[in-house]
Amino acid sequence: MDTLVLSSFSSCITCGIKIAVIDVDSEYLWSKQTELQKKSRRKSLLRVSSLANLLSPKATRKETLKRSLSFKVPNLPNTPRNTISPYKAPPPSPGRCRLSRTWSDMMNEDGTMLSKLSHHDIKHQEAIYELYQGELDLIEDLNVVKNTYRDSLHKLQLMTDGELEQIFGPIDELMPIHEDLVNRMKGQRLPDGTTQEIGYQLREWIPSLKVYISFCANQVFGKVLLDEKKNDPAVDDFLQRCQESPFSRKLDLWGLLDGARGRFMKYPLLLRSIHKYSTDWLDCQHLAEAVRLAEEVVAEADKKTGGAKCIYYRARISYLYDDQKHPDIEKATTLLCNGTLKNNKGTKLQLFLFDTILVVTRLVTHNGQQGFQVYRDPIPVSQLVVEDLKDGEVKMGSFRSAFGSSQTSRNLLRVSFKDSNLGQSHTLMSTDEHDKRQWLTHLHQAVKVTQTDSMHKNDKDKPTN
């Protein structure tokens, strides 16, 4: 075996035998080591390739190259450019919760002012601050609806301008109104944090709420269109992503839009609360006038909304027989109340109380569209008789349940004709006592209005002497 020796001597020092000496520098050693490593790597690759050949069928060089490329560049499916990836709900994120801060909480930082005011005065300040804080919250919601929802739907071209106008209505006109009230209330606030007089500013501001009349009426058709647009996967995906985001506070689009309507309907109640605790005589006069104006605007909005509902539901009523087409249905101008009640057989019925007639229907679906088929004969309000039935007075249930143990029937009422020959009566059951009272109130009120109008008409028809 050849031995490489590194030495600076040519012969052995002790015995004098000559030694073959090879001077090897560092570069030579490095090249040898590199060559050995390359050989060992080549052998290991050959072993791996031979194992792969045993496990897989023989392939040509072209097929092998194709397989190796498939790991580097994944094959993309041939999908249309506008195809939307299925929505994956994000992990739960903390929603933005509003702090229910009262006027007392705000003033506790100082603490001296609360000790100077009576309990009545503190209630007065709390009522004013509730109105103020509610305006700030509403402005924030309207900003989300306008900037995040409406403008985004427009930029993404998910809806047309006409559809956006139908769903969102005059939302651009709402925000300046509430910003104006916030500025008015800030101007009335004293340096110590209290507000003494606010009635005049509220009386001057209330007429601007008339824009809500068209906004509320528009919501009837806006809600229907929004539900239809949710069948579009792109729109539904967008709305779900927004609802899962913290800025929406887990509310859907309609929850935010309807929140503005709900706030509008509460203004008479909010103003009455301020008026209750006000002690200044002149301010009380202004507040009383503001309450009256607010009630008038809300009543007008209710009337317009009822008219819009009347048009919508009247167009979706179908008739099983031609004699069910009562002329008072076409004469109706307002829908006073509608909802679901059960008859004495347990069947769910949809009731529509118009200003001229009560129509009992059953829910049907035709060509994928929801509709309402008239059940028995409609009852004109001029012929309507309303009865409040006591609990357990009438036995409810089907023929089969009549022979078994039946539960006590609760929350019942009956509607019928004055002339029993004109049609059958309906014994109806509501979901709870509150629902029953709501129906009785609307039914009795409709009958009373019709009787009053009939009396006025008879007085005008009487000949004058």
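A cavity here is a set of grid points where a 1.4 Å probe fits but cannot get out. I kept that in mind while going through this predicted model.

**Entry 1**

Next I wrote down who lines the largest cavity: Trp-103, Gln-125, Ile-128, Tyr-129, Tyr-132, Met-185, Arg-189, Gly-193 and Thr-195. Which helix gives the most to that lining? I found helix H5, residues 119-155, with four residues. Sorting the cavity lining by type gave me five nonpolar residues, three polar and one charged.

**Entry 2: the open space**

I moved on to the largest pocket, which holds about 1,200 Å³ of space. I noted that 43 residues line the pocket, and that Thr-305, Lys-309, Tyr-313, Leu-335 and Asn-338 are the ones nearest its centre. Which elements give two or more residues to this lining? My list has helices H9 (211-229), H11 (253-265), H13 (281-314) and H15 (433-461), plus strands S2 (335-342), S3 and S5.

I also sorted the pocket lining by type, and got 15 nonpolar, 16 polar and 12 charged residues.

**Entry 3: strands around S4**

Two of the pocket-lining strands, S3 and S5, sent me to the strand pairing. I started with S3 (residues 348-354), which pairs antiparallel with S4 (residues 357-366) over four bridges. S3 and S4 make a hairpin, with two residues between them.

How many bridges join S4 to S5 (residues 369-374)? I get six, and these strands also run antiparallel. Here I used Thr-361, which stands opposite Val-374 in S5. S4 and S5 form a hairpin too, again with two residues between the strands, and I flagged Asn-367 there for its positive phi near 55°.

Last, I looked at S6 (residues 379-380), which pairs with S4 in the antiparallel sense over two bridges. Leu-358 is the residue I found opposite Ile-379 in S6.

One reminder to myself for when I go back to the side chains: in a regular strand they alternate between the two faces of the sheet.

Note on methods: Residues numbered from 1 in each chain as written. Predicted model: local features only at pLDDT ≥ 70, side-chain atom pairs only at ≥ 80, totals over all residues. Heavy atoms only, no water. Pairing = 2+ DSSP bridges. 1 Å grid on protein atoms, 1.4 Å probe; cavity = no way out; pocket = protein on both sides within 12 Å on 5 of 7 lines; lining within 4 Å. Points joined across faces, edges and corners; volume = space filled by probe spheres on them. Nonpolar A, V, L, I, M, F, W, Y, C, P; charged D, E, K, R; others polar.
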